[in-house]
Every structure is written in structure tokens, then in C-alpha cells.
Amino acid sequence: MIIFGAPFRYYQGYGIIKNVGEVLAPMGKRFLVVSDAFVFGLLGETVDKAFVAAGRSCVRGLFSGESSDREIGAMVTSSGPRTATLSWGWAAARPPIPRRLPASY
């Protein structure tokens with residue numbers, strides 16, 4: 001059986017990631033947070049603190065490949081047994097590479 005659950009609201013706004021623990025708290029006690037190293041570098045500490053503030057715990061799952069059965073299996077194996085009651089992932093686009101526009105643009 002596969003069960004999918006999600007907040008019934010879309011949250012957006014400056015600094016909203018600080019509330020992720022509060023938003024997801026009704027869905028479980030332990031969370032597997034999935035992202036890549038780039039995003040964890042930017043927001044990982046903020047997310048960790050948000051879960052603690054909501055009285056929840058989380059473990060990071062470092063995503064390092066294509067979204068596939070193989071990558072999911074590696075994530076489950078690396079996070080350990082019974083790590084989470086819920087998994088949550090997010091991604092952010094990397095900043096664009098600055099390019100000089102042609103003079104005729």
C-alpha cells in the first residue's frame with residue numbers, strides 16, 4: 001500500500017522555510033528531509049531548527065542523482081531503518097550563470 005499525504009495549502013513567502021516544522025508537524029514525528037548538497041548548504045540549518053522548534057526530528061537524505069528506483073533505494077538504505085514516519089523533499093534552482101547580453105539586445 002502506498003499512502004500520499006500533503007498539506008492542503010500552498011505556502012509561499014520570504015522566510016517561510018522557517019515554518020516547515022510547524023506545517024508538517026501534524027503529519028508525523030520523524031522526517032526524512034531529501035535534497036541535494038547545494039540546497040542543504042543554503043537552507044539545511046534553517047530546516048533543522050524549524051523541525052526542532054516544532055518538537056519534531058529530522059534526518060537529512062542527500063540526493064545525488066536522477067530520480068529513480070536506484071536513487072530512492074540508496075536514500076532509504078543510507079537513512080537507516082525506521083528513520084521517518086514521513087519523507088519531505090525540496091529543490092531550488094541554482095542561480096543562473098551571469099551572461100553578458102549582446103550590445104544589440
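**Contacts of helix α2**

The side chains of Asp48 and Arg60 are joined by a salt bridge, with N and O 2.6 Å apart. Asp48 belongs to helix α2 and Arg60 to strand β2 (residues 57-62), so the pair ties together parts that are twelve residues apart in sequence. The model is predicted. Asp48 is partly exposed, at a relative accessible area of 27%. Arg60 is also partly exposed, at 37%.

The whole structure contains two salt bridges. Glu45 and Lys49 form a salt bridge as well. Here the closest N and O atoms are 3.1 Å apart. Both residues sit in helix α2 (residues 37-53). Glu45 and Lys49 are four residues apart, and therefore separated by about one helical turn. Glu45 is exposed, and Lys49 is exposed too. Side chains of opposite charge can pair when their charged atoms come close.

Helix α2 was also examined along its length. Its 17 residues should span 24 Å at 1.5 Å a residue. The end C-alpha atoms of α2 are 23 Å apart, in agreement with that value. The buried residues of α2 are Val39, Phe40, Gly44, Val47, Ala50 and Phe51. Just after α2 comes Gly55, with a positive phi of about 75 degrees.

Asp36 lies in the loop between β1 (30-35) and α2. The side chain of Asp36 reaches the backbone nitrogen of Val39 at 2.9 Å. Val39 is among the buried residues of α2. Asp36 has a relative accessible area of 18% and counts as buried, because the cut-off for burial is under 20%.

A search for aromatic pairs across the whole structure returns one. The partners are Phe31 and Phe51, and the pair is tilted. The ring centres of Phe31 and Phe51 are 4.9 Å apart, with 35 degrees between the planes. Phe31 is in strand β1 and Phe51 in helix α2, so this pair ties together parts that are 20 residues apart in sequence. Phe31 and Phe51 are both buried.

Two side-chain pairs thus tie helix α2 to strands: Asp48 with Arg60 of β2, and Phe51 with Phe31 of β1.

Notes: Residues numbered from 1 in each chain as written. Predicted model: local features only at pLDDT ≥ 70, side-chain atom pairs only at ≥ 80, totals over all residues. Heavy atoms only, no water. Salt bridge = Lys/Arg side-chain N within 4 Å of Asp/Glu carboxyl O. Buried < 20%, exposed > 50% of the residue type's maximum accessible area, 1.4 Å probe, protein only. Polar contact = N/O pair within 3.5 Å; in protein donor to acceptor, adjacent residues only side chain to side chain. Expected span 1.5 Å × (residues − 1). Phe/Tyr/Trp six-rings, centres within 6.5 Å; stacked < 30°, edge-to-face > 60°.
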